Amino acid sequence: MTRPLCRAASLADGTARGFVFGAGSTRQAVFVLRHAGEIRAYRNACPHRGTPLEIMPDAFFDAECRFLVCRTHGAQFRPADGFCVAGPCAGRSLTPAPVRVENGVLVLDEVG
Ligand code: FES
């Protein structure tokens, strides 16, 4: 099963957008981002405590758009691969989510 997320062109470089599907045991939270021209997606769960990264909607990047930030305890992740470079889960990584562009639309391939 796939889920359309948003138009790829609507995701500006240095921005990210969060999505939540389902509820309870079927709940899925992901976010997509564009950084240095590349589109990526990750599960919206910090490796430290498993909580969502953002507090304010779609606020995943730091002020300089260099790192993704977990707002709970400040972990910093590289946008390109989700690797945590600083914070309580340094050395661990965000879990990639399978997204692709289909007819100009970002589509999530649901797994599990
Ligand atoms: S929950 Fe993300 S750094 Fe603690």
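**Aromatic cluster, sheet and nonpolar cores**

F31 and Y42 are both buried, where buried means under 20% relative accessible area, exposed over 50% and partly exposed in between (1.4 Å probe, protein chains only). The model is a predicted one, in which local features need pLDDT of at least 70 and side-chain atom pairs count only at pLDDT 80 or more, while totals for chains, interfaces and linings use all residues. Residues are numbered from 1 along each chain as its sequence is written, and side-chain values use heavy atoms, with hydrogens and water left out.

Now to the rings. Rings of Phe, Tyr and Trp (its six-membered ring) pair if their centres lie within 6.5 Å; planes under 30 degrees apart count as stacked, over 60 as edge-to-face and the rest as tilted. By this rule the count comes to 2 aromatic pairs. In one, F31 and Y42 have ring centres 5.9 Å apart and planes at 45 degrees, so the pair is tilted. F31 sits in strand β3 and Y42 in strand β4, so this pair ties together parts that are 11 residues apart in sequence. For F31 and F60, the ring centres are 4.2 Å apart and the planes at 10 degrees, so that pair is stacked. It links distant parts of the chain, with F31 in strand β3 and F60 in the loop between β4 and β5 (68-69), 29 residues apart. F60 is buried, as is F31. Through these ring pairs F31, Y42 and F60 are linked into a cluster.

Next comes the sheet. Strands (E, at least two residues) and helices (H or I, at least four) are DSSP runs, numbered from the N terminus, and two strands pair if DSSP finds at least two bridges between them. An open sheet of 3 strands runs in the order β2-β3-β4, with antiparallel pairing. Its edge strands, β2 (15-21) and β4 (38-43), each pair on one side only. β2 pairs with β3 (residues 28-35) in the antiparallel sense over 7 bridges, and F21 stands opposite Q28 in β3.

As for the cores, a nonpolar core is a set of buried Ala, Val, Leu, Ile, Met, Phe, Trp, Tyr and Cys residues joined through side-chain atoms within 4.5 Å. The largest one has 15 residues, and those with the most contacts inside it are F31, L33, L53, L68, F77 and L94. Leaving aside neighbours within four places in sequence, L94 is in contact (heavy atoms within 4.5 Å) with F31, Y42, A45, P47, L53, L68, F77 and G82. Another core lies apart from the largest one and has 12 residues, among them A8, L11, F19 and L108.
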